[in-house]
Amino acid sequence: MAAAYMITNHENPDWKRTLNLPAKDTRPQTEDVTATKGNEFEDYFLKRELLMGIFEAGFERPSPIQEESIPIALAGRDILARAKNGTGKTAAFTIPVLEKTNITKNEIQALLLVPTRELALQTSQVCKNLGKHMGVQVMVTTGGTTLKDDIMRLGQTVHILVGTPGRVLDLAGKGVADLSKCTTLVMDEADKLLSPEFQPIIEQLISFLKNERQILLYSATFPMIVKSFTDRYLTKPYEINLMEDALTLRGITQFYAYVEERQKVHCLNTLFSKLQINQSIIFCNSTSRVELLAKKITELGYSCFYIHAKMLQAHRNRVFHDFRNGKTRHLVCSDLLTRGIDIQAVNVVINFDFPKNAETYLHRIGRSGRFGHLGLAINLITYDDRFNLYKIEQELGTEIAPIPPIIDKSLYVAP
Ligand SMILES: Nc1ncnc2c1ncn2[C@@H]1O[C@H](COP(=O)(O)OP(=O)(O)OP(=O)(O)O)[C@@H](O)[C@H]1O
Ligand SMILES: [Mg+2]
C-alpha cells in the first residue's frame, strides 16, 4: 500500500506545526457542544489562513451548530438557525463570511448586525481574531461614538462591517458606507433585531444591499414574529433547529430562593459567602436598581462594577473590557448584557430581579455555562414573581428547584 495516499489534510503538515495554539481547555463539556457528527474544520476546504485563525483561537473541531451551518452558508443559501446559548453561533456565521470574503476587492462584502454595542465590539473581535492571518479588514460601528471617526475609517478598505442597525443605517443613508456590493447580511440575535424597535431600520437597510444577497439569521429564541420577515425577505431558507429536545443548557443548574424584596441584599450577601464564584453577572430590571445594588454590594465589601445603557459609551466600554479581563468578580447589569455576551469565566448568574419573559430568562442564564461548561443560575423570587416563575418554567420545559442549604460544587465548579 502506497504511504503517499495516506497523507491527508488531517495529518500535521508544516503549517499546522507552526501554529501558535492557546493552552488546552480541559474543563468538562456537555453534549450541547460535544454531540457532533464528527466533522473537522478541514472538511470544509477553507483557506489555509482562515484555518490557522480557527485553530489559533483554540477551536479543535466544529460544534453542532457549526457543522450544520458552515457548509450550507458556504453553498450560498439563506439560513434560519436556532441553537442553544454559548454553543458557537458566532463562528457558525463568521467562518463562512470570512471564507467568502475576497480581500483583493475594496468593497464591503458582508454586514453583520447585532442588537447592542457591546455585542458588536465582541463580534467584530471574533471576526478579526479568526481572520487574523487573512489580511481581512473588519470595521465595527455603533451608536455612542463620533460619526466623523466612522466616516474617516470608511475612506479606507472595509471588507466586513459589524454594527448596530441605527448607526449602519445612518452611514448607508449618508452614502458613506457603500453597501451596494454587499452580498451577505447576518442578523445575530435575529428575533431581537426583528422586534418593533429595530425591524423598520432593518428593512430600510436591506434596501441598500445588493439584490442577490444571502441572509443568515441566528438566535437561541425565535418567536413567531420572525416568520413574516423570513417569508418576505428570505429565499427558501434552510432551517436549522438544534433546540427541539430542550431549550436550556445541560450544564446550567437553576435554583430559586423565595425572598421578600427587603431581604434580597442580605440573601445576595449569603450567596457570595457560600458560593464558589469565579465571576458572576447579576441582573436587575432597571438602570436605577443596577446602580443602587452595585452601591450596596460595594458597601458589603465586595468589589463590583455595573453597566447599563444610560451610561456614557466610553465608560461602558471600559467596564465591559475590565470585567472581561477579570478586574472584578461581580458585574451588576440591566438587560444590556442579556444577549450574546461571552465571558468564559462566568460560572454564576444571579437574577436579583426576576425577568418578565422566558426569552429574557433563557438568554440571561445563558451567560454562564459557555461552550458546554458548567454554571449556576440563581433566581431571587418575591411574592409578585411567583406566577411568572411557574410560567417561565412551563414555557421552557425546565425545572427551577428551590435552593438547597448547600450547593454541590461539582454542579458549577470545574475540577
Ligand atoms: N468549535 C469550537 N471549539 C471550541 N470553542 C468554541 C468553538 N466555537 C465557539 N467556541 C467558543 O464558545 C464560546 C461561545 O460561543 P458563541 O458566543 O459564539 O455562542 P453563541 O451560540 O453565539 O451563544 P449566545 O446564544 O449566548 O449568543 C466562545 O467563547 C467561543 O470562543
Ligand atoms: Mg451569540
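This is a predicted model: local features need pLDDT of at least 70, side-chain atom pairs count only at pLDDT 80 or more; totals for chains, interfaces and linings use all residues.
# Tour of a cavity, a ligand site and a pocket

**Stop 1: the cavity.** Select N85, L247, T248, L249, I252, L362, I365 and G366, which line the largest cavity. Rolling a probe the size of a water molecule over the atoms shows where empty space is left.

**Stop 2: ligand 1.** Next, select ligand 1 and show the residues within 4 Å of it. The shell holds 19 residues, and those that come nearest are G86, K89, T90, D342 and R370. Color the shell by class: three residues are nonpolar, nine are polar and seven are charged. Then color by domain. Domain 1 (2-241) and domain 2 (252-411) each contribute at least three residues to the shell around ligand 1.

**Stop 3: polar contacts of the ligand.** Three distances can be displayed here.

- D342: an N or O atom of its side chain is 2.5 Å from an oxygen atom of ligand 1.
- T87: a polar backbone atom is 3.2 Å from an oxygen atom of ligand 1.
- E189: an N or O atom of its side chain is 3.4 Å from an oxygen atom of ligand 1.

Ligand 1 on its own has 640 Å² of accessible area, and the protein covers 90% of that.

**Stop 4: the second largest pocket.** Move on to the second largest pocket, with a volume of about 660 Å³. To center the view, select P115, T116, K192, E197 and F198, the closest to the pocket centre among its 29 lining residues. Which helices each supply at least two residues of this lining? Helix 8 (165-173), helix 9 (190-193) and helix 15 (358-365) do. By class, the lining of the second largest pocket has eight nonpolar, eleven polar and ten charged residues.

Where does the second largest pocket lie relative to domain 1 (2-241) and domain 2 (252-411)? Both domains give residues to the lining, so the pocket lies between them.

Terms used. Residues are numbered from 1 along each chain as its sequence is written. Chains are lettered from A and ligands numbered from 1 in the order in which they are written. Side-chain values use heavy atoms; hydrogens and water are left out. A polar contact is a pair of N or O atoms within 3.5 Å; within protein, one must be able to donate a hydrogen and the other to accept it, and residues adjacent in sequence count only if both atoms are side-chain atoms. Accessible areas come from the Shrake-Rupley method with a 1.4 Å probe; for residues, only the protein chains shown count as cover. Ala, Val, Leu, Ile, Met, Phe, Trp, Tyr, Cys and Pro count as nonpolar, Asp, Glu, Lys and Arg as charged, and the others, Gly among them, as polar. Domain bounds come from an automatic or database domain assignment. On a 1 Å grid over the protein atoms alone, a cavity is a set of points where a 1.4 Å probe fits but cannot get out, and a pocket is an open set with protein on both sides within 12 Å along at least five of seven lines; lining residues have an atom within 4 Å of a point. Grid points are joined across faces, edges and corners, and a volume is the space filled by probe spheres set on the points. Helices (H or I, at least four residues) and strands (E, at least two) are DSSP runs, numbered from the N terminus.
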